[in-house]
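Trainee: Could we go through this structure together? I would like to begin with the strands.

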Amino acid sequence: MTNLNIRTEQPEDTEKVAELLYHAFGDRDDESLLVSNIRVSAGFIPELSVVAELHGEIIGHILLSKAEVVNEGGRDEVIALAPLAVSPKHQKQGVGKLLMQEGLKRCQNLGYPLVLLIGHPEYYPKFGFKPARPFGMELKQFAVPDDVFMVCELQEGALGRIQGELVYPEVFL
Ligand SMILES: CC(C)(COP(=O)(O)OP(=O)(O)OC[C@H]1O[C@@H](n2cnc3c(N)ncnc32)[C@H](O)[C@@H]1OP(=O)(O)O)[C@@H](O)C(=O)NCCC(=O)NCCS
């Protein structure tokens, strides 16, 4: 898609991002509320809120923010991906893919070892995500099937080295 600009979200994008999330998730505001709450939380990393802009319109958004993997020995900081959205009329044209690639690259450049998510099991494996539980990850805060709880390794050896319960910050609950 020519003229598509993938860039960091700016304060003036807030309303357009909320609108996009509302429509992309079937006319409900749960996700825009989640994003508003993450933005003002300790886990927010401004450069990990990324938008896709086409002719001045925000047509896609990805948010990656801090979470922890906790075990008896301690805790590791990781990244949780949520949400990812592309406006209904621009879906299946590669926008989500560009946002995913940019988001994961930014997380890697910032030195994060793993990205975890709960999401479509047919979509995220394209970007290197695998079911997390076989790698020693647990999720207790949300009761979800094994195949939707996924992890992507950004640092070689991080999968296996980091094991325990993925704990989402309070704003996700
Ligand atoms: C899921 C979503 C972000 C995908 O964005 P998109 O821009 O339509 O996806 P892309 O065009 O980049 O698709 C990349 C690839 O995934 C495939 N794909 C797209 N949506 C898919 C889906 N829901 N399930 C499986 N595969 C999918 C595409 O065919 C494409 O495959 P290819 O690379 O082999 O050609 C978008 O459909 C969306 O916003 N959906 C509503 C909100 C939502 O469900 N968000 C995710 C929450 S987990």
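Trainee: Which residue is the bridge partner of A80 in β5?

Mentor: The partner of A80 is L116, in β5. This is a predicted model, where local features need pLDDT of at least 70, side-chain atom pairs count only at pLDDT 80 or more, and totals for chains, interfaces and linings use all residues. Residues are numbered from 1 along each chain as its sequence is written, and side-chain values use heavy atoms, with hydrogens and water left out.

Trainee: In which sense do β4 and β5 pair?

Mentor: They pair in the parallel sense, over two bridges. Strands (E, at least two residues) and helices (H or I, at least four) are DSSP runs numbered from the N terminus, and two strands pair if DSSP finds at least two bridges between them.

Trainee: What does the chain cross through from β4 to β5?

Mentor: It passes through helix α3, residues 95-109, in a right-handed β-α-β crossover. Right-handed means that, with the strands pointing away from the viewer, the path from the first strand over the helix to the second runs clockwise.

Trainee: And how many bridges join β3 to β4?

Mentor: Eleven, and the two strands run antiparallel. They form a hairpin with two residues between them. V69 stands opposite D76 in β4.

Trainee: New topic: how many residues has the largest nonpolar core?

Mentor: It has 29 residues, and V69, L116 and L166 are among those with the most contacts inside it. Such a core is a set of buried Ala, Val, Leu, Ile, Met, Phe, Trp, Tyr and Cys residues joined through side-chain atoms within 4.5 Å; buried means under 20% relative accessible area, with a 1.4 Å probe and protein chains only.

Definitions and conventions. Buried means under 20% relative accessible area, exposed over 50%, partly exposed in between (1.4 Å probe, protein chains only).
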